[in-house]
Amino acid sequence: KQWYQRRVAITAGTFNKSKFEMKFLFCLVLGCVLLHDCAGYNRNLQFPAEVSLGNYLILEPDFSQVQEEISICAWLKPYRQDSDRYWFSYATGGIDNEIILSDRTAATYLFADTLPGSEVVPLNEWSHMCLTWSSVSQIKQFYLDGNLVSSETTPTGRKITTGGTLVLGQEQDSPGGTFDITQSFGGEVHDLNVLKKALSGGDIGRIYRAGLCFELEQSSYSDYIVLGWEVFVQAELQGQVKVVTGECDKWDVLSDFVGQEITPGFIDYLKKYYRD
């Protein structure tokens with residue numbers, strides 16, 4: 001088993017390894033590719049352009065780990081922009097606008113207060129967005145396509161309230177309901193994750209540049225995720241909301257391994273993140 005313990009570089013160039021080693025590497029990476037079909041990879045949540053109050057997804061997440069620090073990141077493709085359309089709504093008994101994400105900066109809320117700005121996500125195009133906040137800095141920030149576009153200080157002593165209801169596709173005026181069809185979302189969402197860390201601008205820039213097919217749950221940021229994309233795509237969907245195949249080729253995941261080395265530690269990594 002000496003070959004197993006040697007470092008075998010996966011590069012884009014020529015391999016000078018034995019046939020046995022090559023077969024092992026091929027099977028290992030092929031297995032990683034195939035297992036992506038069993039996860040949230042290349043899966044989007046689609047909310048019809050013909051909006052309806054019946055189209056939504058509802059969860060009751062445990063936000064106890066994000067009370068003092070949070071990031072919410074996702075890719076968004078809106079189908080319509082005829083009014084403020086809200087795709088992420090977290091409401092509590094005390095504040096129905098605790099956290100709301102829209103396709104425009106001025107309609108993005110944290111602690112029932114909007115962010116300044118006039119940026120709008122392009123229609124029918126994928127855009128990456130992140131909302132971050134930390135009780136230490138007391139600053140909420142909104143990033144669009146890797147760039148900081150809005151920032152504002154929050155009052156001292158604020159915390160994310162736990163025990164709330166999270167709805168995708170509608171805006172809640174009371175926990176779990178009181179929707180308004182003029183605010184219903186039509187479009188697609190991809191790779192939505194809630195993290196217990198206020199990501200830095202550098203972090204968010206790297207995630208954006210990695211592209212639409214990059215999976216946050218399979219990255220070094222995975223330890224910070226408290227509500228991951230797989231939870232959303234496996235949740236019960238209401239109305240005409242569907243999980244649809246995205247625009248990524250499953251073979252694109254091979255790029256995750258370019259420059260990597262096959263070591264016992266790397267094998268453990270693959271077992272952890274590429275299992276069904």
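Let's start with a torsion. About the S-S bond of C213 and C248 it is about -100°, so this disulfide is left-handed. A disulfide here is a pair of cysteine sulfur atoms within 2.5 Å. For C213 and C248, the sulfur atoms are 2.0 Å apart.

Where do C213 and C248 sit? C213 is in the loop between α3 (201-210) and β14 (225-227). C248 is in the loop between β16 (242-245) and β17 (261-262). The pair is 35 residues apart and links distant parts of the chain. Those labels come from DSSP runs, numbered from the N terminus: helices are H or I with at least four residues, strands are E with at least two.

A quick word on the model. It is predicted, so local features need pLDDT of at least 70 and side-chain atom pairs count only at pLDDT 80 or more, while totals for chains, interfaces and linings use all residues. Residues are numbered from 1 along each chain as its sequence is written, and side-chain values use heavy atoms, with hydrogens and water left out.

Next, exposure. Buried means under 20% relative accessible area, exposed means over 50%, and partly exposed is in between, with a 1.4 Å probe and protein chains only. C213 is partly exposed at 27%. C248 is buried at 8%.

How many disulfides does the structure hold? It holds 2. The other link joins C73 and C130, with sulfur atoms 2.0 Å apart. This one is right-handed, with 120° about the S-S bond. C73 lies in strand β4 (residues 69-78) and C130 in strand β9 (residues 127-134), so the pair ties together parts 57 residues apart in sequence.

Are C73 and C130 buried or exposed? C73 is buried, at 2% relative accessible area. C130 is buried too, at 1%. Number the bonded cysteines in sequence order, and the pairing reads 1-2, 3-4.

Now the sheet. It is open and has 7 strands, in the order β8-β7-β6-β5-β12-β3-β15. The pairing is antiparallel. Two strands pair if DSSP finds at least two bridges between them. In general, strands of a sheet pair through backbone hydrogen bonds, either parallel or antiparallel.

Which strands are at the edges? They are β8 (113-114) and β15 (237-238), and each pairs on one side only.

Strand β5 (residues 86-91) and strand β12 (residues 165-168) run antiparallel, joined by 4 bridges. Look for S89: it stands opposite V167 in β12.
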